[in-house]
Amino acid sequence: MKTAILGTGYVGLTTGVCLAYLGHEVTCVDTEEEKILGLQRGECPIYEPWLQELLELSRPRLRFTTRCEEAVPGAAVVIIAVGTPPRADGGPDLNYVRQAAEAVGANLEGEFTVVVNKSTVPIGSGNWVGALVREAYAARRGRKPPNCFAVASNPEFLREGSALYDTLYPDRVVVGADETRALEVLYSLYRPILEQSFTPPTFLPRPEGLGAVPLIATDLASAELIKYAANAFLALKISFINEIAQLAEKVGADITQVAKGIGLDARIGTRFLQAGIGWGGSCFGKDTAALIATAREYNLAMPIVAAAREVNYRQRERVVEKLLAELKILKGRTIALFGLAFKPNTDDLRDAPALDIARRLVERGAAVRAHDPVALARARREFPDLGIVYCDTAQEAAAEADAVVLVTEWRDYRSLDWDEIARAMRTPLVLDGRHFLDRARLEQAGLRCVGV
Ligand code: UGA
């Protein structure tokens, strides 16, 4: 099926590569020329496990261009997957979506095209995108469009760091449209995933026992709300366990055991109950803020979602409070941060807790040294002025440090030479922000390990 994808960020590129792997003819469009030139040479602009490999396999059916007119005419499906970065007031900036929708309208050609909103847009945007497409079509051709397109919402549930796995083996696929024709086209597009009829790439085997993937077909508004409700629920699950963790610390309970003990109740589930520094990234913060803003337009308060946000951002300050409690004085101290990316297996630094914590520590007069196995180059490029000394190895970051804070649970950090790190440090203190390190191993190295 001829498919155009507008936007080659995490969502657009992953979706494009996967759809091409599944046999569709995909053209990815981005306005950033450098990025497109790189992709044409087969270079992946982001770090995402296996993306480079799948890109190689899919290349015969994958094209990259900066020109919408090379992608949209004649496409059965056009997927809008451009960024919706936060504005200063917290709401999403919809300018890229507007430009994409207008470009689609100006270039629509052919019998019937489904215009899919995959970008996370405020509820009601489906109708807005439809209006923009119609207006741009009319402006280009001097007449209203015939019944040649329909707008659908197809929210994305992939996690960075496991984006390909989540796309090929999703828990469900959600499509929302007010026209049955559009739902039928999307069913065909996703058929190999829904029926799990494709041959898996050797490096991403199908999970054992995975059968047909459920398809939730809804109206537009429901699909849009599903996206926000899912992210808000996951975010509040994390904040809930972090709130319980505070009490656990007071009463001397082990939060990891508590999380396991409640999570094995199938109604609750064990995932997203890992206590620690809390969430970051481009989604949970933005989407919970947008949900609250949308509710406000209808005179509704969302106290539970608001509380999840408050608890989450307090966790970052708690790292500083913990260090203060342990070290008494932060001025003149050196703190090493292990991990900069907002989560492991990505180089994404958007709303990364590490950068926020670093800022707070620098403000209080501490020197901050930081390491990350993958995000270091991006951090040096994008955040040169935070007062952080970026170090090529964890050992280097820990040199003369008064504390190491484990911010991102990269697997490599578990197996570091902790004896060497202990010798390099000035004060043998480790703050494990993710309940991730082998505490016995650290203590064996002479380090004192505390949690958040
Ligand atoms: C999240 C959702 O999980 C995806 O379903 C959704 O598609 C995506 O947002 C999006 O809207 O685009 P993502 O932000 O990539 O995905 O990564 P997550 O694995 O959800 O992690 C988010 C944050 O929560 C990370 O900072 C992680 O460290 C933190 N986290 C996660 C915890 O603190 N505890 C947990 O138990 C799980």
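A polar contact here is a pair of N or O atoms within 3.5 Å; within protein, one must be able to donate a hydrogen and the other to accept it, and residues adjacent in sequence count only if both atoms are side-chain atoms. By that rule, five residue pairs (both at pLDDT 80 or more) are in polar contact between domain 1 and domain 3.

1. Basis. This is a predicted model, in which local features need pLDDT of at least 70 and side-chain atom pairs count only at pLDDT 80 or more, while totals for chains, interfaces and linings use all residues. Residues are numbered from 1 along each chain as its sequence is written, and side-chain values use heavy atoms, with hydrogens and water left out.

2. Domains. The chain is divided into domain 1 (2-218), domain 2 (228-309) and domain 3 (314-451), with bounds from an automatic or database domain assignment. Between the C-alpha centres of domain 1 and domain 3 the distance is 37 Å. Nine residues from domain 1 and 11 residues from domain 3 take part in the contact (heavy atoms within 4.5 Å).

3. Interface area. About 650 Å² is buried between domain 1 and domain 3, 45% of it on carbon and sulfur atoms; buried area is the accessible area (1.4 Å probe) that two parts lose on being put together, summed over both. Y10, Y47 and E160 account for 75% of the area that domain 1 buries against domain 3, more than any other three residues.

4. Interface salt bridge. One salt bridge crosses between domain 1 and domain 3, under the rule of a side-chain nitrogen of Lys or Arg within 4 Å of a carboxyl oxygen of Asp or Glu. The side chains of E160 and R350 form a salt bridge at 3.5 Å, N to O.

5. Salt bridges elsewhere. The whole structure holds 29 salt bridges. One of them pairs D356 with R316, the closest N and O atoms being 2.9 Å apart. D356 belongs to helix α12 (residues 353-363) and R316 to helix α11 (residues 303-327), so the pair ties together parts that are 40 residues apart in sequence; helices (H or I, at least four residues) are DSSP runs, numbered from the N terminus. D356 is buried at 15% relative accessible area, and R316 is buried at 1%, where buried means under 20%, exposed over 50% and partly exposed in between (1.4 Å probe, protein chains only).

6. A partly exposed pair. R59 and E56 also form a salt bridge, with their closest N and O atoms 3.5 Å apart. R59 is partly exposed at 31% relative accessibility, as is E56 at 42%.

Terms used: Helix = DSSP H or I, 4+ residues; strand = E, 2+ residues; numbered from the N terminus.
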